[in-house]
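Visitor: I have a structure on my screen and a few things I'd like to ask about it. Could you walk me through the helix packing and the chain contacts?

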Amino acid sequence: MPRFVVVAARIGIGVLLAWAGLAKIGDPQSFADQVHNFRILPVALENLAAMILPWIELTAAMALIVGVRSRAGAVLATVLLAVFTVAVLSAMARGLDIECGCFGKGDATRVGWAKVGQNLAMLALAAVGSLRARASAR
Amino acid sequence: METDDARLSGRRDQGLVSGVAVIVLMGVLLGLSYNWFGLRAARKWGLPWIGEDKFAAFSAEPAIGLPAAEPTPPPDRHFTNNSDPFAITGDADTGRTGELPEIPDSGRPVPIELGAFERYVDAGAALILDARDPEEYREGHVPGALNLTYDQAATDPVALENLDTGGRPIIVYCGGGECEVSLRLAHELIGSGFTRVAVYLGGFPEWQAANRPIAKGE
């Protein structure tokens, strides 16, 4: 994959992750409530997840945007998005009609196929970013 | 040549793993310290470290200040919980002819006992919700009660918000005893913006045992 494609993918996914992370950092309580709505984690761990997850997103985003350890950031972003997609799918399978919370409280998108599509698109972007950037196009 | 490449990519993959670990660790530390500051702020906005089960309100634990519970003898009326100081006890203090005991605007579900519950039912002064399965509801329910299961409420918040109480408080009940769906439903209702919500903990079994009227069918 040409270097500029990989770098562009990394910066793109970095900006999206930073946005998602910052939106959640601003209001930990409502993110914790949204985590609760998914009914995936034990209740005792929900607050910890709500504290930590947005910051992992933000540090990964910083790595991607600044370009320090950016491939690690892209791999982490891929893993996170895969987990989020599974969470959304499992909520759909259980018939939950809940807010995704993916981009914080301002994002009232409900869990559904549109969200899965959005997640898969971001997942693809992160996967491209996870490729090894070739030093020079040969 | 090949071995060099392999060694090089091996080293790169190691860098990848440690890179991911560094990012995750930084995220964890930042998240925890950010929350730590939140808990120490003048107007506290941090989260408690351990998530609390909001549904565990007025469980079997005694209220604060009461002596620790002795091992409780097997109660003969297992479905009534008198531990809540705010429980609406009904006719004892107001008398059957007085005004209805008030369901306070407290933003949390309040337990209500048979006497008071019955008077609300008789007067039609509250929206009564039966949180049990539709099947149990059909077999018999408190007259005038609507059937709304916790699952319906949890999966369809819109229906919940459109619930028409006619300005009345809401009283929720289920199967009494170990049944907790009424409490969960009550919390869903509070979460949807209803403020005056009571839970009749005795539930249908107590109602039935007290020989109160029962409606059948849809």
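Predicted model: local features only at pLDDT ≥ 70, side-chain atom pairs only at ≥ 80, totals over all residues.

Visitor: Which way does H4(A) run against H5(A), roughly parallel or roughly antiparallel?

Guide: Helices here are DSSP runs of H or I with at least four residues, numbered from the N terminus. Axes are lines fitted to C-alpha atoms over the stretch in contact, with angles from 0 to 180 degrees between N-to-C directions. H4 (residues 70-93) and H5 (residues 113-129) of chain A pack at about 165°, with axes 8 Å apart. Angles under 35 degrees count as roughly parallel, over 145 as roughly antiparallel, 65 to 115 as roughly perpendicular and the rest as oblique, so H4(A) and H5(A) are roughly antiparallel.

Visitor: How many nonpolar residues are in the contact of H4(A) with H5(A)?

Guide: Contact means heavy atoms within 4.5 Å, and the H4(A) side includes Leu81(A), Phe84(A) and Val88(A), with Trp113(A), Leu120(A) and Leu123(A) among those in H5(A). Ala, Val, Leu, Ile, Met, Phe, Trp, Tyr, Cys and Pro count as nonpolar, Asp, Glu, Lys and Arg as charged, and the others, Gly among them, as polar. Besides four polar residues and one charged residue, the nonpolar count is 15.

Visitor: And how does H1(A) sit relative to H5(A)?

Guide: H1 (residues 3-25) of chain A packs on H5(A) at about 135°, with the axes 8 Å apart. That angle makes the pair oblique.

Visitor: At what angle do H3(A) and H4(A) cross?

Guide: Leu53(A), Ile56(A) and Ala60(A) are among the H3(A) residues in this contact, and they face a set in H4(A) that includes Leu76(A) and Leu80(A). The contact divides into ten nonpolar, two polar and one charged residues. The axes come within 8 Å, and the crossing angle is roughly 145°.

Visitor: What area is buried between chain A and chain B?

Guide: Buried area is the accessible area (1.4 Å probe) that two parts lose on being put together, summed over both. Here 30 residues of chain A are in contact with 33 of chain B. Carbon and sulfur atoms give 68% of the buried area, which is about 2600 Å².

Visitor: Which residues in chain A lose the most area to chain B?

Guide: Three residues together make up 21% of what that side buries. They are Met51(A), Trp55(A) and Arg132(A).

Visitor: Which residue forms a salt bridge with Glu188(B)?

Guide: A salt bridge is a side-chain nitrogen of Lys or Arg within 4 Å of a carboxyl oxygen of Asp or Glu, and the rule finds one across this interface. The closest N and O atoms of the pair are 3.4 Å apart, and the partner of Glu188(B) is Arg39(A).

How values were computed. Residues numbered from 1 in each chain as written. Chains lettered and ligands numbered in written order. Heavy atoms only, no water. Helix = DSSP H or I, 4+ residues; strand = E, 2+ residues; numbered from the N terminus.
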